[in-house]
Amino acid sequence: MAMGAAATAAACFSSASTGVSRSRVRAQATSWAGGAKELVQSGAVKAVRPKDAAEVMGAEGFQLLDIRPAWEYGRAAVRGSVHVPLFISDDDMGPVTLLKKWVHLGYIGLWTGQSFTKMNDRFLDDVAAAVSGKDAKLLVACGEGLRSLIAVRMLHDDGYKNVGWLAGGFSKSVDDDFADVEGESKLRYATIGGTSYIFLQILLLLGVVQ
């Protein structure tokens with residue numbers, strides 16, 4: 001696995017690392033995403049709106065690379081997409097990690113349903129095993145567009161030059177943007193879990209959201 005980007009990212013985002021404050025992790029994430037935004041602004045990475053994704057995948061031959069964690073992908077996914085999660089469940093049971101898991105549950109987990117995760121340090125290896133090579137045209141997507149920016153930066157730094165970014169993520173999509181979706185949820189709602197998922201179901205039932 002190419003070190004550089006992956007090693008730096010793993011060090012930045014591993015939830016098992018000690019002594020890293022929430023604000024510092026947020027700043028590191030912003031830095032990585034900011035670097036990817038420069039790639040988008042320069043044209044080195046192609047920004048694709050969800051409504052244009054089908055045309056880009058069909059006419060231009062881009063392959064959808066879904067980097068969401070497994071629980072989001074399982075709720076709703078575009079059939080035929082390549083799934084390589086950028087973040088994976090952190091199964092470490094050490095005392096520091098257990099404490100972080102309790103904090104995460106109280107502040108985030110109960111409301112969003114999101115698991116406590118860590119950076120997938122095999123991300124680049126897993127992508128390499130799943131696609132045809134570094135000339136592959138990859139449209140990188142996540143729920144809201146931030147995690148995919150990080151992945152775009154890592155892939156570009158690792159030598160992938162035909163990279164697209166799904167601007168705003170699946171949360172900006174509507175029902176007709178992706179023709180073949182499988183799962184129990186709509187793509188734009190797949191990131192929502194926990195208590196907020198219950199509220200979403202109530203809103204859907206009342207017709208407040210579609």
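Predicted model: local features only at pLDDT ≥ 70, side-chain atom pairs only at ≥ 80, totals over all residues.
Strands here are DSSP runs of E with at least two residues, while helices are runs of H or I with at least four residues, both numbered from the N terminus. Two strands pair if DSSP finds at least two bridges between them.

Residues are numbered from 1 along each chain as its sequence is written, and side-chain values use heavy atoms, with hydrogens and water left out.

Let us walk through the sheet by way of strand 7 (residues 138–141). Strand 7 pairs with strand 8 (residues 163–166) in the parallel sense over 3 bridges, and here Leu139 stands opposite Gly164 of strand 8. Strand 7 also pairs with strand 2, again in the parallel sense, over 4 bridges. In that pairing, Ala141 of strand 7 is the bridge partner of Asp66.

The scale used here calls a residue buried under 20% relative accessible area, exposed over 50% and partly exposed in between, computed with a 1.4 Å probe on protein chains only. Although Asp66 and Val82 are 16 residues apart in sequence, their C-alpha atoms are 5.9 Å apart in space. Leaving aside residues up to four places away in sequence, Asp66 touches Tyr73, Ser81, Val82, His83, Val84, Ala141 and Phe170, where a contact means heavy atoms within 4.5 Å.

The side chain of Asp66 also meets that of Arg68 in a salt bridge, at 2.7 Å from N to O. A salt bridge is a side-chain nitrogen of Lys or Arg within 4 Å of a carboxyl oxygen of Asp or Glu. Arg68 is found in the loop between strand 2 (63–66) and helix 4 (70–75). Like Asp66, Arg68 is buried, and its relative accessibility is 0%. The side chain of Arg68 also reaches the backbone oxygen of Glu72, at 3.4 Å. With residues up to four places away in sequence again left out, the neighbours that Arg68 touches include Tyr73, His83, Ala141, Arg147, Phe170 and Leu187.

Phe170 brings us to the aromatic side chains. A search of the whole structure finds 1 aromatic pair. The rings of Phe170 and Phe178 have centres 5.6 Å apart and planes at 75°, so this pair is edge-to-face. The rule behind that label takes rings of Phe, Tyr and Trp (its six-membered ring) as a pair if their centres lie within 6.5 Å, with planes under 30 degrees apart counted as stacked, over 60 as edge-to-face and the rest as tilted. Both partners are buried: Phe170 has a relative accessible area of 0%, and Phe178 one of 4%.

What about the other salt bridges? The structure holds 13 of them. One of these joins the side chains of Arg49 and Asp52 at 3.0 Å, N to O. Arg49 is partly exposed at 48% relative accessibility, and Asp52 is partly exposed at 23%. Another links Asp126 with Arg122, whose closest N and O atoms are 3.7 Å apart. These two residues are also partly exposed, Asp126 at 27% and Arg122 at 45%. Elsewhere, salt bridges that share partners join Arg79, Asp180 and Glu182 into one network.

Our last stop is helix 7 (residues 146–157). Its 12 residues reach 17 Å from the first C-alpha to the last, close to the 16 Å expected at 1.5 Å a residue; the expected span is 1.5 Å times one less than the number of residues. Among the buried residues of helix 7 are Leu149, Ile150, Val152 and Leu155. After helix 7 comes Gly159, with a positive phi near 110°.

How values were computed. Polar contact = N/O pair within 3.5 Å; in protein donor to acceptor, adjacent residues only side chain to side chain.
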